[in-house]
Amino acid sequence: MIIVHLFGSLTQQFGQYAFGEACAARLRTTLKLDGGDAAQPLLLQHFRLPAELAGDAEVAAAKAAGSLTEDTLLFDESVWQRLRDGLYLDGLWHDGGYGAAGVPGLVGGMGLRQPPGEAVRALLERIAAHPEAAALDLRRAAPPQGLAALPASYYRDALAALAYRKPQSHVFVFCDDPGSDAAELGLGPQHTLVGAVDEAAALLLMGSCRHHIVSYHGASCWAARLAPKPGQVVIAPQQAFDPADPALLARFGAVIQPLWPARWQVLPIRAAQPPPHYLQADGGRNPGRPIRVALWNYYEELTTDGFIFRNANAAIGADLLKPWVELHAYGRAHGIDFVTFDQVAGVADLDAVLFMDRPRAGNPAVDALLASGIAKYLLLYECEVIKPDNWDPAYHQQFDRIFTWNDTLVDGERYVKINFAIDAAPQYQLATQQSAFGQRKLATIIAGAKQSEHPFELYSHRVRAIRWFESGAPADFDLYGGGWDAAQFPSYRGKVDDKLATLANYRFAICYENAKSIPGYITEKILDCLRAGAVPVYGGAPNIARWIPADCFIDIGLFGTYDELYAHLKGMDAATHAGYLARMQAFLASPAAYPFSTECFIVTLSGFIAWDVQGRRGETPELAQRAGAPAGARLVQDGATLALRLDSAPRAAAAPRPDLVVYIGYGDELPVYSRARSLWQFYRSFFPDIDIIFVRETEDVARGQVVTEGDDLLVGLGGERYTGAASYAATGTWSATENSKVIFRQMVVYDHLLRTRDKPFFLYHTTVTSVVDLRALQALLADLPASGCFAGPLSRLTAPEPLNGWTFVSGASTLLSSDVVALLRNRYDPAAPNASLPNDVWQALTLHDVERTALPTFNFIRPRAPGAQIDGVAATARAMLASGQFHFRIKTTGAEEGLAKREDVDPWIMLKIMQEIIGHEAQPALTRELCGKYARFVDGGAGRPMPPYTRGDFFSGPRDFPVNDQEVG
């Protein structure tokens, strides 16, 4: 015989009883009940129970034989090893794993000891009259010790979720005060209020309903468990226990929320929200004649009859339109009337127009607005993958200002930074989400099914992630969104009514942006994860860590395969995950989240529009009056905080391009390297304004330390050796250890440069046996983005196993903006398998989400014997310089000719090329023209940036220029 202690709420007592049944079945013994605690009434006494009450002597004997208790609130498999006959079961046993084996015996097998009264029978008849009857347990009796009282927001969210899934449902509301409870929830017409009934009657009535909104400590939880029905919807709270309950913390050390049945829908518990404050935002104000601004969206249905100003939550995202609702309200309060164009008689009624993305051509109304003399603004939301015509600089010229998230364009005055905006306050209770770690499924993707052929697209990456999880970990993954075919994607769970609530049921959300490699393209996809408390697994903007702290998300680019990513996610413990959640909420609550806030959105748009229109009217802008600014002050946006400020200084000239730093690494693997280094020492004197650094390693300096020796930077290896029998000097192929050394040396210097330079720069990393016309390279910088730049010569490189057959960019010479330098440094993991591959391959794998811009190169590869006539080199170099070439790579012998010959041949070729460059006038226009040809050569003729590696061939376009000296004369 075993005895189970029954105490607490009806829900808890059912759980304890179910565990007792499961234990008795395992031991094939008798179960008896101890419900004799006077302070804890035996709520199961109203039911016919298969088990009998134990006598005092039996209870005492069982306790003397030993008590079985749980050590954690989560199900512990070891309990079955500790179970033996004669024990006293004294615990909560709330986790479904404990009583799962005992539940089937309870389903349909328990009845009331007394038949129901007339009032209860009448209610049973009313419930039976509604096929979609739903029970909502709203009774507010104080919950037992340790259980949390649920806020009204949970019930409102649950009713909305039920209405979405079962629009014809009729809700039976079990409540203590029908009048006030109904008013508080704003119940719809399809409901019946049920007054106070005892727990036994409540269980019977609720169990007669098809659907359930569960309150953990009431009868509703077990009414749902014991009365399953076809098509049933059960909605339960993420929180049952109070995460801060001192008794639970003292007993278990940590509070862990229950695991509900998998078919139940679990809703998170909302955090208390601060009162709206947007009307008090410090944006533009207009005390005089109202300013009227028309909004025109490319998706015209959103700006028809003021739709965008009245509907916060459109189908395209969670509260995605709410910033426009709040902007409209702010404007009405401060003299700025935002309208849609169909709400005014014509252009004459307007002071300004704001286009959201480039409008469709051929619309007479659009033509009239663009031709008018009113202030005109363009807000660029859609990236070039979705709407490439947004990004035509010539089209931008007709607007007073452009608002955009694009960091490559933003200057704070004409191109003004504006992000996808959110309510930055955390949405759900942090402590509850942290304690619900075990309850939450591993991962989800919420996105639409889309396709694109653009080289920056990430739609295909989403599909690859989905396919991996469907085959590799189907039990840990769900897919939501529009447009997916359930027959093709078995993980598909349909569309979502509440995106944030859905995200909150998962520990991680894989959120690929629509596009990669575009600085500043940070959308609601990651922001919604932060708000919902699902740790983002992010792929998209290369400078994401500039705006969102890197410890608030997981960079998907750090993992070479989805196997590695899955192992990382699956292996993360609750404490580590809780740390992510705490940092995410801290970020949202901090000033650092202001750039993504609705307040910033309102301040930026209203501020600039009011300033411009008031200035056009000949008025002193209200913002200038408020600040007491002198005449001639300009309104500008701070590039770091996005706050608006007044600048009295004259408009500054265009910012200079970042400085150029040239990195030349060399070692003692071959004698040719030291000779080439000497030639570069001579050559650098002709470019005094360019910072050229020479890098080599030494075993005599502490590992990772950088010291200066003459014009060289020495990187310490700390005595660690990277050489062996299979070295480059012996075989002509870099060994894995040599690859590791080169990458380590490179990362140490990158870190050194980032720490010692206080402004952005371009880094040109080239080989010591190359010669570069640095004047032409400097001229090209004006055509390349100051951030997100990954450019350089390209050549086909076939990788070693396990990547054999893939084609990689040869990164022997690479031009990087300093933010991409930082990206490489931040992603470097010396223990990763990739870090012992050739530098070209490692670089491409590490910058997998950054497009590479092709730059031309010319290779001297024709074999030459020592002392052979090399006068032809000068003529070839002159011809190539005249065609726009600026980078010359010299490697005229291979392993089969004997690498020692290179020191007798290649330095002479380098010297000839250097002499020709020094005596040649730079031709930037020809170099730009050649760059265009080269770009079209590598990608089939489109001339766009390309991925750093592919399964196909890079070189698929037309070519009418030579790439090596074997093709010349």
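## Basis and burial

Buried means under 20% relative accessible area, exposed over 50%, and partly exposed in between, with a 1.4 Å probe and protein chains only. Trp405 is buried, and Tyr521 is buried too.

This is a predicted model: local features need pLDDT of at least 70, side-chain atom pairs count only at pLDDT 80 or more, and totals for chains, interfaces and linings use all residues. Residues are numbered from 1 along each chain as its sequence is written, and side-chain values use heavy atoms, with hydrogens and water left out.

## Aromatic pairs

Rings of Phe, Tyr and Trp (its six-membered ring) pair if their centres lie within 6.5 Å; planes under 30 degrees apart count as stacked, over 60 as edge-to-face and the rest as tilted. Across the whole structure, 35 aromatic pairs are found. Trp405 and Tyr521 make a tilted one, at 4.8 Å centre to centre and 45° between the planes. Trp405 lies in the loop between strand S16 (401-404) and strand S17 (415-417), and Tyr521 in the loop between strand S20 (506-512) and helix H19 (524-532), so the pair ties together parts that are 116 residues apart in sequence. Helices (H or I, at least four residues) and strands (E, at least two) are DSSP runs, numbered from the N terminus.

Phe469 and Phe477 form a stacked pair: 5.0 Å centre to centre, 20° between the planes. Phe469 is buried at 0% relative accessible area. Phe477 is buried, with 0% relative accessibility.

## Ring cluster

Phe19, Phe75, Trp80, Trp93 and Tyr98 are linked into a cluster by ring pairs.

## Charges over rings

A charge sits over a ring if NZ of Lys or CZ of Arg is within 6 Å of the ring centre and within 35 degrees of the ring normal. The charged end of Arg358 sits over the Tyr395 ring, 3.7 Å from its centre. That of Arg583 sits over the Tyr580 ring, 4.7 Å from its centre.
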